[in-house]
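Colleague: I have the model on my screen now and would like to go through a few places in it with you. Please put it up on your side as well, and I will start asking.

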Amino acid sequence: MGDTVDEVSSLDQHTLGVYRAILFHKEHDPERLAKLLSCTTEQVEEALRLLTRLSLLAPSRDTPGRMRAVNPSLGLKVLLQREERELASRQQRIEQNRAALAALAAEYTASGRSGGLDGAEHLDNVDDIRTRLEALAESCTAESLAFHPGKALTEESVEAGRPLNERAMERGVRFRTIYLDSVAGDRVTRAHAQWMAERGSEIRTSPTLPMRLLIVDTAAAVVAGLPGQARPSALLFSSQPVVLAMRALFEAYWEHASPLDGPGDALPGGLTPQERKLLQLLASGLTDEAVARALGIGVRTERRIVADLMERLGASSRFEAGVQATRREWI
């Protein structure tokens with residue numbers, strides 16, 4: 001769900017017309033609603049999804065599988081309560097993201113006056129990136145933090161990085177790493193996680209990650225995988241305000257991430273964090289391709305998960321699945 005202001009502004013005359021038709025005329029069928037309002041069935045279904053997310057529609061007790069219009073005053077109260085809960089749970093991450101972006105913005109503004117990023121190094125080829133990462137690994141003395149938004153690890157990458165990790169661990173370096181939930185079942189990644197855990201490291205997973213990130217102590221932060229990058233490239237920041245902002249961003253994600261081998265927080269319906277995030281992304285209107293990309297999985301895998309969720313919800317269409325998921329408070 002988006003911010004309250006964005007969603008309230010989405011209540012245009014068309015969406016209100018659908019709500020009015022259900023409220024006053026007790027009409028529920030999308031095709032008949034489309035004829036009544038002189039619009040397409042797809043437009044009606046889009047409005048129904050929005051009204052359901054806003055808690056202005058609720059499951060009908062008289063006709064299972066259909067929705068009834070909630071009293072507007074009650075609907076507003078429920079909407080505000082729901083928004084308050086969600087905003088409270090997200091506030092910390094929002095503040096951490098704002099701090100990170102503010103620091104980057106300040107750094108970028110300073111670059112306009114100095115002609116280059118102060119305390120930053122642009123790495124625009126794979127060899128340079130690997131060379132700098134190796135140097136950072138050897139210089140690390142206390143802690144290494146990382147986001148890995150890509151797919152599962154390969155045996156080659158694990159073997160190549162193991163000597164660096166071993167030497168760092170011998171120096172007492174603490175590793176904390178967050179992968180995507182999609183790698184949890186991968187044999188190579190799980191074996192590597194176990195190897196790291198046996199040596200005192202911690203590994204968690206998250207449904208999504210904003211970028212590829214490596215933070216070494218409080219000395220350097222390497223950011224890669226940003227939108228608009230046509231080829232492998234990275235920015236290495238050594239400015240302490242930026243590094244500290246990146247650490248704050250990491251800590252915000254770390255707090256909400258799940259241990260790789262643990263059950264994490266209990267979710268309704270036995271959902272995994274990945275399944276819940278998938279439902280949220282679909283409800284926001286993203287395509288299968290965009291959802292799969294955000295979760296770090298293939299489109300076939302994404303569609304298989306959707307099919308499994310529809311079966312568990314007893315739904316024959318994605319729209320019905322959205323209604324049922326909302327009713328069960330899965331999203």
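Colleague: Which residues does Arg 247 touch, leaving aside residues up to four places away in sequence?

Modeller: Beyond those neighbours, Arg 247 touches Glu 143, Leu 145, Ile 215, Asp 217 and Thr 218, where contact means heavy atoms within 4.5 Å. Please bear in mind that this is a predicted model, in which local features need pLDDT of at least 70 and side-chain atom pairs count only at pLDDT 80 or more, while totals for chains, interfaces and linings use all residues. Residues are numbered from 1 along each chain as its sequence is written, and side-chain values use heavy atoms, with hydrogens and water left out.

Colleague: And is Arg 247 buried or exposed?

Modeller: With a relative accessibility of 17%, Arg 247 counts as buried, a label that means under 20% relative accessible area, whereas exposed means over 50% and partly exposed lies in between (1.4 Å probe, protein chains only). Arg 247 sits in helix H9, residues 240–256; helices (H or I, at least four residues) and strands (E, at least two) are DSSP runs numbered from the N terminus.

Colleague: Asp 217 was on that contact list. Where is the place of Asp 217?

Modeller: Asp 217 lies in the loop between E7 and E8, and it is buried, with a relative accessible area of 13%. Although not a glycine, Asp 217 has a positive phi of about 50 degrees. Most residues other than glycine have a negative phi.

Colleague: Now the sheet. In what order do the strands of the open sheet come?

Modeller: There are 8 strands in this open sheet, in the order E3-E9-E8-E7-E4-E5-E6-E10, with mixed pairing; two strands pair if DSSP finds at least two bridges between them.

Colleague: How many bridges join E8 to E9?

Modeller: Strand E8 (residues 220–224) and strand E9 (residues 234–237) run antiparallel and are joined by 4 bridges, and Val 222 has Leu 236 of E9 as its bridge partner. Helix H6 (residues 126–139) packs on the sheet and touches E3, strand E7 (212–216), E8 and E9, with its direction making about 135 degrees with that of E3.

Colleague: How many of the residues of E5 are buried?

Modeller: In E5, 6 of the 7 residues are buried, so the strand is largely enclosed by the rest of the structure. Strand E4 (residues 143–148) runs parallel to E5 and is joined to it by 6 bridges, and the partner of His 148 in E5 is Tyr 179.

Colleague: Moving on to the helices, at roughly what angle do H10 and H12 cross?

Modeller: The axes of helix H10 (residues 273–283) and helix H12 (residues 299–313) come within 11 Å and cross at roughly 95 degrees, which makes H10 roughly perpendicular to H12. Axes here are lines fitted to C-alpha atoms, for helices over the stretch in contact, and angles run from 0 to 180 degrees between N-to-C directions; under 35 degrees counts as roughly parallel, over 145 as roughly antiparallel, 65 to 115 as roughly perpendicular and the rest as oblique. Among the residues making the contact are Leu 278, Leu 279 and Leu 282 of H10 and Ile 305, Val 306 and Leu 309 of H12.

Colleague: What do the buried residues of H11 pack against?

Modeller: They pack against strand E5 (174–180), H10, H12 and helix H13 (318–327); the buried residues of helix H11 (residues 288–295) are Asp 288, Ala 290, Val 291, Ala 292 and Leu 295. Just after H11, Gly 296 takes a positive phi of about 75 degrees.

Colleague: Last topic, confidence. What is the mean pLDDT of the chain?

Modeller: The mean is 78, and 78% of the residues reach 70 or more, pLDDT being the predictor's confidence in each residue, from 0 to 100. Over residues 1–10 the pLDDT is below 50, and this stretch has 17 contacts in the model beyond near neighbours in sequence. Residues 112–117 also stay under 50, with 5 contacts beyond four places in sequence. Where pLDDT is low, the predicted coordinates should not be read in detail.
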